[in-house]
Amino acid sequence: MLLTAFLFTNKKAVFFWAFLLFCLFLGATHTRNYNLLPPGHIGSLKIKGSLGARIQGIVNNDPASTRRKTSFYFKVKKLIVADRAYFVRGEILVNAFSRRDFHYGEELILEGNLHRPFNFSANSSFSYPEYLKNQGIYYILEAGKEREIIFLGRDKGNLFISLAFRIKQRLKGIFEKYLQPANSAVLSAITLGDRQGLLAQVREDFTRTGTAHIIAISGFNVGIVVFTVLFLLKAIRIKRKCRYSLAIPILFIHMFAVGAQASVVRATLMAVVVLIGYLLERDTHIINSLSLSALIILGYNPRQIFDIGFQLSFVSVLGIVLLSPRIISRFQLKPKASPAIRFMVNSLAVSLAAWLSTFWFILYYFRIITPVAILANLIIVPLVSLVIILGFTLCLSALICPVIALPIAVTIDFSMFWLFKIAHQLSGLPFSYFYIGR
């Protein structure tokens, strides 16, 4: 197929279809090979029900804590059953009900019940086992309060990722110190990817207004991070090429700090490609950057193509790129149109394009239609952009000049009050949303 494509490079249609078939074949082969677990992988175990076991390994992400439990990925090294040790590899999800604090890079021996993940609801399109499988997780260890935990050492993880998590915890601590609890939780969610403290009502309001992407780290959030970083670097009079060079490692730190989700990786890679283009003084093509990001992510883990976040992330960006210019052209703006009118039309076009491109995915996975999302994004997105910029300004001021941190925090609290109020009011409008099949 690849040979056919190159033999017919002059015939665009033949080249396109031959090359497309080659890519599909290559992707299917890569996915099949990826699904073949290596010898000794813990996912190859055949366990019926649950198995009492002790497992030695390393905490491999930033643990997420609630009042009941702490959850984290555990990179396993040894499985101990009935005093017999088996060397294994891979990752499991640990739900630890101990009050002990866990940290990335700690090497531990945990005791608990090992079992396959199961679905929470038979009526949902979302499959929890498939979601975990896409992350490379095949088993869950439930470690109860009375279960033994043996500490073997710390700092066994990647030093760069460890630094990213430490920065994340420091920034989260600043939010908690200066802001009201509900506001701190939302700001941590939209800037650091930490959604543990979000109130149920806040989640529901953003879901019903079609703006749930705001409280999940996505390309929008990463774009604001890029803007804020470049703006602050420019404010302290750092030269243009140096700004771009410094922004790239900062983006990677942010990517790892928030968990390197597919949407964040995609947005970060796109931003890095654009910044490198600026450094090399070359133009960049958004669709090419998007395709390169998808290729890197799927090359690392081809099962990400089945992930909801991956699909929504790429489809929304593709929809904005392809549909928004066509929507703008429908308005037939005159050359003398004011900047304010152009801004409103562009914002409406982007919002409508994103909603149209993700409509069927959201309907299929979440069984909800949100017509109010077009209006909600026009109002809520600019307000959230302001909150994110103020949030990073708060962190910088708290570290350098704490005196000015308090008035910035008051401004954030005031902005968040109106953000919640607007989202709640919009979600209560007639016909603002519809649940299908519930």
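Q: Before anything else, what does buried mean here, and what counts as exposed?
A: Buried means under 20% relative accessible area and exposed means over 50%, with partly exposed in between. The model is predicted.

Q: Then is Arg-303 buried or exposed?
A: Arg-303 is buried, because its relative accessibility is 7%.

Q: What does Arg-303 form a salt bridge with?
A: Its partner is Glu-130, and the closest N and O atoms are 2.9 Å apart. The pair links distant parts of the chain, 173 residues apart: Glu-130 is in helix 3, and Arg-303 is in the loop between helix 10 and helix 11.

Q: And Glu-130, how does that count?
A: Glu-130 is partly exposed, because its relative accessible area is 38%.

Q: How many salt bridges does the structure hold?
A: Eight. One of them is between the side chains of Lys-168 and Asp-62, at 3.2 Å from N to O.

Q: Where do Lys-168 and Asp-62 sit?
A: Lys-168 is in helix 4 (residues 159–178), and Asp-62 is in the loop between strand 1 (50–59) and strand 2 (64–65). The two are 106 residues apart, so described as a link between distant parts of the chain. Both Lys-168 and Asp-62 are buried.

Q: What about Lys-156, which side chain does that one meet in a salt bridge?
A: The side chain of Glu-107, at 2.8 Å from N to O. Lys-156 lies in the loop between strand 8 (149–153) and helix 4, while Glu-107 is in strand 6 (residues 107–115), so the pair ties together parts that are 49 residues apart in sequence.

Q: Lys-156 and Glu-107, buried or partly exposed?
A: Lys-156 counts as partly exposed, because its relative accessibility is 40%. Glu-107 has a relative accessible area of 6%, so this residue is buried.

Q: Which residues are linked with Lys-156 in a network?
A: Lys-77 and Glu-107; together with Lys-156 they are linked in a network of salt bridges.

Q: Switching to aromatics. How many pairs are there?
A: The count comes to eleven aromatic pairs. Among them, Phe-72 and Phe-74 are edge-to-face, with 6.1 Å centre to centre and 70 degrees between the planes.

Q: Tyr-128 and Tyr-131, stacked or edge-to-face?
A: Stacked: 6.4 Å centre to centre and 20 degrees between the planes. Tyr-128 and Tyr-131 are three residues apart in helix 3 (residues 128–134), which means that about one helical turn separates them.

Q: Why does that spacing matter for direction?
A: An α-helix has 3.6 residues a turn, so residues three or four places apart point the same way.

Q: Now helix 6. Which residues are buried there?
A: In helix 6 (residues 200–208), Val-202, Asp-205 and Phe-206 are buried. They lie on the same side of the helix, because they cover an arc of only 95 degrees around the axis.

Q: What covers them?
A: The cover includes helix 5, helix 13 (373–400) and helix 14 (405–427).

Q: Last topic, the nonpolar surface patch. Which residues make it?
A: Leu-318, Leu-322, Leu-323 and Leu-356 make a patch of about 290 Å². Helix 11 (residues 308–331) gives the largest share, three residues. Leu-323 is found in helix 11 and is at 31% relative accessibility, so this residue counts as partly exposed.

Q: And Thr-358, where is that found and what does it touch?
A: Thr-358 is found in helix 12 (residues 339–366). Leaving out residues up to four places away in sequence, Thr-358 touches Leu-312, Val-315 and Ser-316. Thr-358 is buried, because its relative accessible area is 9%.

Notes: Residues numbered from 1 in each chain as written. Predicted model: local features only at pLDDT ≥ 70, side-chain atom pairs only at ≥ 80, totals over all residues. Heavy atoms only, no water. Helix = DSSP H or I, 4+ residues; strand = E, 2+ residues; numbered from the N terminus. Buried < 20%, exposed > 50% of the residue type's maximum accessible area, 1.4 Å probe, protein only. Contact = heavy atoms within 4.5 Å. Patch = residues over 30% accessible without salt bridge, like charges linked within 9 Å, V, L, I, M, F, W, Y side chains within 5 Å. Areas by Shrake-Rupley, 256 points an atom, 1.4 Å probe, with all protein chains shown as cover. Salt bridge = Lys/Arg side-chain N within 4 Å of Asp/Glu carboxyl O. Arc of directions from axis to C-beta. Phe/Tyr/Trp six-rings, centres within 6.5 Å; stacked < 30°, edge-to-face > 60°.
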